[in-house]
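Colleague: I would like to learn to read this fold feature by feature. Can we start with a pair of strands?

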Amino acid sequence: MSGTMRLSELQAGSEAKIQGFAPGFKEAGRLREMGLLPGTKIQLIRWAPLGDPLEIKVRGYHLSLRKQEADSVEVVVSSP
Amino acid sequence: MTTPHALPSGTALTFALVGNPNCGKTTVFNCLTGMRQKVGNYPGVTVEKKVGQFFSLHGKPMQLVDLPGAYSLTPRSPDEEITRDVLLGARADTRRPDRVVCVVDASNLERNLFLVTQILDLGLPTIVALNMTDVAEDKGLTVDAEALSLELGVPVVSCRAHQKAGITELRQAMGREILPAAVRKWKLPDMLESALLRVQSCLVNQHEIDPSVSFVKALDLLGSPSDQRAGTCARCESFLKTADDQLAKEERSPHEAIVSARYDYAQGVCERVVRSGPGGRQDLSDRLDAVFTHPVWGWVAFLFTMGLMFFSIFTVATYPMDWVDKSFGSLADWVRAVMPPGDLRGLLADGVIAGVGGVLVFLPQILILFFFIGLLEDTGYMARAAFIMDRVMSRVGLHGKSFIPLLSSYACAIPGIMATRTIENPKDRLVTILVAPLMSCSARLPVYTLMIAALLPNETVPALQKAGLMMALYAVGTVGAFFFAGLFKKTLMRGETPVFIMELPPYRLPSLGAVVMQMLNRSKLFVRRAGTVILGLSILLWFMTAYPKSGSDSSTVQLEQSIAGKLGKIIEPVVKPLGFDWKIGIGLIGSFAAREVFVSTMSIVYNVEDDSDVTVPLRDNMLKEKWPDGSPVYTPLVCVSLLLFYVIALQCMATIAVVRRETNSWKWPLFQLGYLTGTAYLASLIVFQTGKFLGF
């Protein structure tokens, strides 16, 4: 499976590359500075027990963000 | 102006300590300065200002300013704004530091180097403290400090601040006579780079911008959208336009281009200085996470941790609290015994000693709570607790980290409000502070017990019914807290999208020293800042009950004749619609010292001998109390109305003092006093009047 998806649509354990952010997304600047840039590899580690937020691994560290923000992060799923 | 390159003679050299959150910066600060720290606030904001003194290895005094942790110098929060402004010398209250120590997490080097590139842009003499090398090794990563130093062009000192290792070497590096200014190593793509340099030279030559900050200003201009650039001339604009056109062709934003260039550089450096081998304990961290965020075991661990913490604050703390209470009680008795009766004796025994005791009695809870919070933060569990609770808290617009302060507030709002410091977002923090007093604290328990006894006087009432009523009171407060949190998020804080972008640092063994240090610092701060206000108000309350003198030996008569007694009568018309008489009015006024004072005040009002268990005789006297027309004062409806008032109203000057301290203004504590007491009044009014109408 490959193609552009939202970060919030990924399954736990799947890997992807950042493609960009939805236009007008206010947290784009913060996320870029935390290392989420076009082409950066990420892995979705897990969803929180109540279904939100989610946890990703990026540049060797773990970051959590809410589904609301993850909706605005576009990713390309790497083919298995 | 002193040159940044050599030690200026006479003055203490000032270092700024900067770094990402979770990089161990505070531990480095504590290692260097020990207890020689001064904690204050930056004027006008609620950001903490920490300055410490220490000596170089040659005995030269040096000063260290601990700047708030930041992921970037692009200010996105008041914390990061302070960090940036201090480093640029843009704050009137803080001198621009002479040198910078940048703490980086060796186990997370790439992202930490992003901030390093921004720090080095400032051109200040800089030392990099490569911290947490042990955590990196657990992950199977070895960072070559010497190679990193060559790459960055600044001294790099390896350390493990948790074990106090490498601190001497760091002090040695900091005390060097000559420390070269940092030079920028990362580069933008050619077209952008040349535009940037031209803008910079235009700023220096045409706009007389200080060369030391010109690069950062030029980069700011390049990174901001074309319609938001200020202070440029036609020349600058033409250079910026070339850059904008180039970026438009590549379909990139200037911000993305700059951040990418920094990360490309950081990634390159990491490839050259980090060697990776087989991971060891990192797997352990991941395995622990699989348990602590597990849909079942995660909750078990969470409930156990929170239960243990709550139990400690709620019950273990009562022993030292009783001890403080009794000691100050005996001290007051002793003063009464040795001093001749008079105003001075009264002031000392009932005003000052009671006031100091009233401050210190909070200490056991504050110490225990901050010990736990220190442990939770130091081990990395705090972020996980926020991770699993965020869904619940976000329903009312709060942050996952609001949970612990609110839970702690069931024991006492004072430590709970102080615990909100772990919430980075100032709006989330403020809302949490505003609703924290709605969580029924332990000081309300004696009042609840007394009033439930008055409401259900029959000894045969099953205990279960009383317990159910008690739980209902807790529930009303909790639901109220969530209701108001949601309301404030929609009104006061409107326009702020709550975001939750939080790092989950690897688990690690806590450093007991660091935890204890933080606990002591917090407690010191409480005693010094809030304590003085509480003491002052205690003396004022004593004065109100002691003057004017009635001349009678009966404390009941004295209280009636005092200012407080008269105030009780004055407010009677205001509280009568709630079903309260002026005697209850006195109790309400006395409650401002602490809510449980209601019980002792009412004992004096109803002339009950001070006994170990006053509840039963006091209840009996209360139930005999009649209005002038002969109808009983304490009808069940009045008891319910009074209980509801105590659940909601903010009757605690210590809370007001702490909120004043934490928000750095009188505006929020007064607002809080107004909205809580106003709501309490309305709720009691509606309940009492409706109940009366229905014939209860």
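Colleague: Which residue in β8(B) is the bridge partner of B:L130?

Modeller: Strands of a sheet pair through backbone hydrogen bonds, either parallel or antiparallel. This is a predicted model. Here B:S158 of β8(B) is the bridge partner of B:L130. Strand β6 of chain B, residues 126-131, pairs with β8(B) in the parallel sense, over three bridges.

Colleague: In what order do the strands of the sheet in chain B run?

Modeller: Read across the sheet, strand by strand. The order is β2-β3-β4-β1-β5-β6-β8 in chain B. These seven strands form an open sheet with mixed pairing. β2 (37-41) and β8 (156-158) of chain B each have a single partner strand, so one side of each is left without a neighbour in the sheet. From one strand to the next, the twist averages 25°.

Colleague: Which strands does helix α3 of chain B touch?

Modeller: Look for contacts, then direction. Helix α3 (residues 109-121) packs on the sheet and touches β1 (13-19), β5 (99-105) and β6 of chain B. Its direction makes about 170° with that of β5(B).

Colleague: Which residues touch the most other members of the largest nonpolar core?

Modeller: That core has 213 residues. B:F15, B:L17, B:V104, B:V128, B:A129, B:L130 and B:V199 touch the most other members. Helix α22 (residues 512-546) of chain B gives the largest share, ten residues. Now take one residue. Leaving out residues up to four places away in sequence, B:V128 touches B:C102, B:V104, B:V116, B:L152, B:V154 and B:V156.

Colleague: At what angle do the axes of α20 and α28 of chain B cross?

Modeller: Roughly 165°, for helix α20 (residues 445-455) and helix α28 (residues 636-648) of chain B, whose axes come within 9 Å. Angles over 145 degrees count as roughly antiparallel, and therefore α20(B) and α28(B) are roughly antiparallel to each other. On the α20(B) side, the contact includes B:V447, B:Y448 and B:M451; on the α28(B) side, B:C639, B:V640 and B:L643 are among the residues. The crossing is left-handed.

Terms used. Residues numbered from 1 in each chain as written. Chains lettered and ligands numbered in written order. Predicted model: local features only at pLDDT ≥ 70, side-chain atom pairs only at ≥ 80, totals over all residues. Pairing = 2+ DSSP bridges. Helix = DSSP H or I, 4+ residues; strand = E, 2+ residues; numbered from the N terminus. Axes fitted to C-alpha atoms, helices over the stretch in contact; angles between N-to-C directions. Contact = placed C-beta atoms within 7 Å. Core = buried A, V, L, I, M, F, W, Y, C linked by C-beta atoms within 7 Å. Buried ≥ 20, exposed ≤ 12 C-beta atoms within 10 Å, placed from the backbone. Parallel < 35°, antiparallel > 145°, perpendicular 65-115°, else oblique. Left-handed = near helix turned anticlockwise from the far one by under 90°.
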